[in-house]
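I opened the notebook today to look through a structure with a friend's eye for detail. Here is what I looked up, entry by entry.

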Amino acid sequence: MDIIKELNGSELVMKICGRLDTNSAPQLEQALMESVEGVESLVFDLAEMPYTSSAGLRVFLKAQKIMNKQGSMKVINACEDVMEVFEITGFSDIIDIQ
Amino acid sequence: MKKLKKINVVKTSLSFNIIAALMVLLVVFSSVITVIGYMSFNNSLQDDYDETTTGIAKTAATLVNGDHIDDYLNGKYQQEYDSSLQRMNNLCESMGVSIIYVIKPDTSDFRHFTSVFNSVNRVKTDYEPWKIGTVRETTNDEYVNAYRDLYDNKDVKSIFRRSQLNGAPPHITSLIAIRNSEDTETTAILCVQRPMSAIANTRSSYLISVAVSVVITVVLAAYLAVSYLNKQFIKPIEQIIGETERYAKENTVTKCTDLSDISKIHEIAALASGISKMEKDNYEYIESIKQITSEKERIGTELSVASKIQLGSIPSKFPAFPDRSEFDIYALMTPAKEVGGDFYDFFMTDEDHLALVIADVSGKGIPAALFMMVTKMLVKEVCTISGGSPSEIIDFVNDRICERNTEDMFVTIWFGILELSTGKITCVNAGHEDPVIGKSDKSYEVIKNKHSLAVGALEGIHYRSYEMHLEKGDKLFLYTDGVPEANNEHNELFGMDRMLQVLNETVGQSPEAVLKHVKDKVNEFAGAAPQFDDLTMLCLEYAGGENLNNKLHIQAERDNLDEVTAFLENYLEGIGCSMKAQTQIILAVEEIFINIASYAYEQTGYADLRLSCDADTVTIIIEDNGIEYNPLKKQDPDITLAAEDRKIGGLGIYMTKKLMDDVIYTYDDGKNILKLIKKY
């Protein structure tokens, strides 16, 4: 899994390329923690992420909790399978998914 | 028993025969002595009698005047005649003869004679004396001839009448010629007849005394001989027979009769001591045979146990890997003796690698078997414990074996590791027969490669490895030289060509059928020839590494997640599962697998995945041996809470339940078994 980060002022776009599973989630978590400071708008671009497991959801939840304090967070371009996961777990209610 | 009976017959007839023969011999001998003695006694007695009688005749002849014979017959000189007759009668009586008579034979034929004097002893005989002038006829030729001889002036022997003749008892008659005074002419014949009763009496008393002494001698000699023979010959023989019978019955030497001093006869003593020695030797021999036999039995039992241990040490349960669908394997080992120096082995080194070994130790029997066990253990233990490439493994095994190879034995090994997912075999050939591969669409072919030295031959050498590839449906045939070098009664070898030909007859058959066919053909070829070498074969059929993989035994660790995912993708793509269902299944399995990896074991353990499908559903069974835990009992998370209140735990199980069509948990035989069912 690769993470492409684009920082425009206080807006951070993290494009996740590849599967987000138990083994790759810590990588995302680390990348998030490195870059999230001072970010007011966090965007996860999931166009290239076909899969997420609960480990991935955990990172999204952690990000959401951080962003609730310092700005906003949204998820874009989630594929159908990932969307289903968000919906089943109620994450679609707490995360802004566009 | 038949033998003993025979001995019995000999026993009775022996003493009887000896005594009887002895008696007969003594009787014959004494009879001969008696007869000879009697004959010489009789002869001398007769000579003596003859002489005496002739003397009497001569004396009587002096009483007769030969010149007056005719005158007496004519009645002249009556006084002289009477005086002569009187003196003759006196002589007759005093000498004890029967008759003295003077006759004048008729000289024309001597068959008639005229009596001149006739003096009869009344005591000895009751003859009526002939009157002078009485003419009698002589019928007996002996007398006729005697008369003629006397008239021819020849000497005449006395005539013996031994039996009764015309009523006369046995007697002797001495004849003498009466001559005229000028001694020119025989004028008459004087005969003296003397009875033989005296001689007969002497003879019979002689006979009786001889007979009595012979009988006494014979009886005495027989008694002495019998008692001597009995003591020195028959008794010892009987004792020997008794001892041999006892020995034959009891077969012991403890109650052995002492035969050493049994007889003074050298031969019997030698026979007795010979029998004694033979019994002792025989007994010792039997004892030693018994010992050898029991030793042999013990060795036989140990060998059969050894044989079981040896056969038990190599995998012999087939199918050996019922849960592996990538290959089918079968192997056979038939040692030429109870235990052999060949072996085969196969074992999984990990989920994707199967190690294959076939080897042949130099020599046969127990030494080869011991060497074989050591080699077999080393190869497997090195392979499973320290691992490494086939060449590294054989290098290590070789060094270990060379270290203490006191008997300079060696072992040829073909060792290969098959990567099940790809069909690649990395192998080392330490002086072993080249493997044979049967391509699914072609005939069997020997895969030749340069061999390395046999293991155990030289320490510190490095073995080269090479690669072979199996495609789906290919068969690998491994064997020892017992197959191509099996020989028949004509000392012909089975040979590689025949082996390949026989293998080619098995196209499409299972490894088990292939090996049984080869074995049958080898046996058929060998016929009555004894199996000379161990016969060991292994056959593997490779069913291909892809698409069929439906089982996974894997250590439950987070790092192995990719492998689990790859395993699932591989299978699900193979069955044509939709992408959406695939993702959902992979997600569910990840959640369960990570759960097991994180919580099931205190240290670490394994998880087993089994996949199966039918027309529209796929079933995933996930097992672990960890602590009992039913994930379905966990309370579902509240998914309506705000982000700040959300907890992350329980989401995985919750998703699994939501994404799968059915999730069933059971705990059985120490295993957590979770069954996921999903329509695809």
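Which residue in the turn of the hairpin formed by S5(B) and S6(B) has a positive phi? I found that Asp183(B) does, at about 60°, and that six residues lie between the two strands.

Ground rules first. I am working with a predicted model, where local features need pLDDT of at least 70 and side-chain atom pairs count only at pLDDT 80 or more, while totals for chains, interfaces and linings use all residues. Residues are numbered from 1 along each chain as its sequence is written, and chains are lettered from A and ligands numbered from 1 in the order in which they are written.

Entry: strands around S6(B). I took helices (H or I, at least four residues) and strands (E, at least two) as DSSP runs, numbered from the N terminus. Two strands pair if DSSP finds at least two bridges between them. S5(B), residues 171-179, is joined to S6(B) by nine bridges, and the two run antiparallel. Thr173(B) stands opposite Gln193(B) there. I also looked up S1(B), residues 99-105, which runs antiparallel to S6(B) with five bridges. In that pairing, Ile103(B) stands opposite Ile189(B). S6(B) itself, residues 186-195, is mostly covered, with ten of its ten residues buried (20 or more other C-beta atoms within 10 Å of a residue's own, C-beta atoms being placed from the backbone).

Entry: chain B overall. I noted 13 helices and 21 strands in chain B. Of its 680 residues, 32% are buried.

Entry: two helices. The axes of H5(B), residues 197-250, and H6(B), residues 266-313, come within 10 Å and cross at roughly 10°; the axes are lines fitted to C-alpha atoms over the stretch in contact, with angles from 0 to 180 degrees between N-to-C directions. The two helices are therefore roughly parallel to each other (angles under 35 degrees). Among the residues that meet are Phe233(B) and Ile237(B) in H5(B), and Leu271(B) and Ile275(B) in H6(B). By class, I logged nine nonpolar, two polar and two charged residues in this contact (Ala, Val, Leu, Ile, Met, Phe, Trp, Tyr, Cys and Pro are nonpolar; Asp, Glu, Lys and Arg charged; the others, Gly among them, polar).

Entry: chains A and B. I found 19 residues of chain A in contact with 21 residues of chain B (C-beta atoms, placed from the backbone, within 7 Å). H2(A) supplies the largest share of chain A's side, seven residues.

Key. Angles under 35 degrees count as roughly parallel, over 145 as roughly antiparallel, 65 to 115 as roughly perpendicular and the rest as oblique. Two residues are in contact if their C-beta atoms, placed from the backbone, lie within 7 Å. A residue is buried if 20 or more other C-beta atoms lie within 10 Å of its own, exposed if 12 or fewer, and partly exposed in between; C-beta atoms are placed from the backbone.
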